[in-house]
Amino acid sequence: GAQDLFRVSGADLREALDLAIKHTACGDDGWRKFELQMLPQQAWDELADILDEVCNRAKAGQELDRWHQSLLSVPAIFIPKEERVDLIDDPLSWRPISVTSLVLRTWFMVMAKRPGVLLERDMPEEVHGFRHADLAATT
């Protein structure tokens, strides 16, 4: 139901991480994909419980004061749009990229699919526009 929309499992998180690109950047927490993949299932389950508690506190309007700074920090880096550019003379030739924690990005990947799953579940079969094949298969 709707109350389950924010509930994630350790298996959900692990599956989303496995779908992430191979050489994705780590955030300030320093976790790299292959390191997270080595965690036992119990660690994933405990991480899911922590993230669920964060959702519950946010839904209740409580402050999220227990986050580790590395999860709150989102550094921005700049990458050149072309091979040779000069940041000083041509600042518009750089593209800013924000790098969040890979743990949070994994959680975001799980959560981003949730509204689509609900729509697919309640949408009449004769409606075909804007349906995503992956979501249609999960209903």
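**Exercise 1.** Is D18 buried, partly exposed or exposed, by its relative accessibility?

*Solution.* The model under study is predicted.
Step 1: The relative accessibility of D18 is 39%.
Step 2: Buried means under 20% and exposed means over 50%, with partly exposed in between.
Step 3: D18 therefore counts as partly exposed.

**Exercise 2.** Identify the salt-bridge partner of D18 and describe how the two residues are placed in the helix.

*Solution.* Step 1: D18 forms a salt bridge with R14, and their closest N and O atoms are 3.6 Å apart.
Step 2: A salt bridge requires the nitrogen to lie within 4 Å of the carboxyl oxygen.
Step 3: D18 and R14 are four residues apart in helix α1, so about one helical turn separates them.
Step 4: R14 is also partly exposed, with a relative accessible area of 23%.

**Exercise 3.** Determine which parts of the chain the salt bridge between D52 and R7 links.

*Solution.* Step 1: The side chains of D52 and R7 meet in a salt bridge, at 1.6 Å from N to O.
Step 2: This pair links distant parts of the chain, 45 residues apart: D52 lies in helix α3 (residues 41-59), while R7 lies in the segment before α1 (10-19).
Step 3: D52 is buried at 7% relative accessible area, whereas R7 is partly exposed at 42%.

**Exercise 4.** State how many salt bridges the structure holds, and which residues are joined into one network.

*Solution.* Step 1: There are four salt bridges in the structure.
Step 2: One of them pairs E35 with R32, with the closest N and O atoms 2.7 Å apart.
Step 3: R32 is partly exposed, at 40% relative accessibility.
Step 4: Through salt bridges that share partners, R7, D49 and D52 are joined into one network.

Technical notes
Residues are numbered from 1 along each chain as its sequence is written. This is a predicted model: local features need pLDDT of at least 70, side-chain atom pairs count only at pLDDT 80 or more; totals for chains, interfaces and linings use all residues. Side-chain values use heavy atoms; hydrogens and water are left out. Buried means under 20% relative accessible area, exposed over 50%, partly exposed in between (1.4 Å probe, protein chains only).
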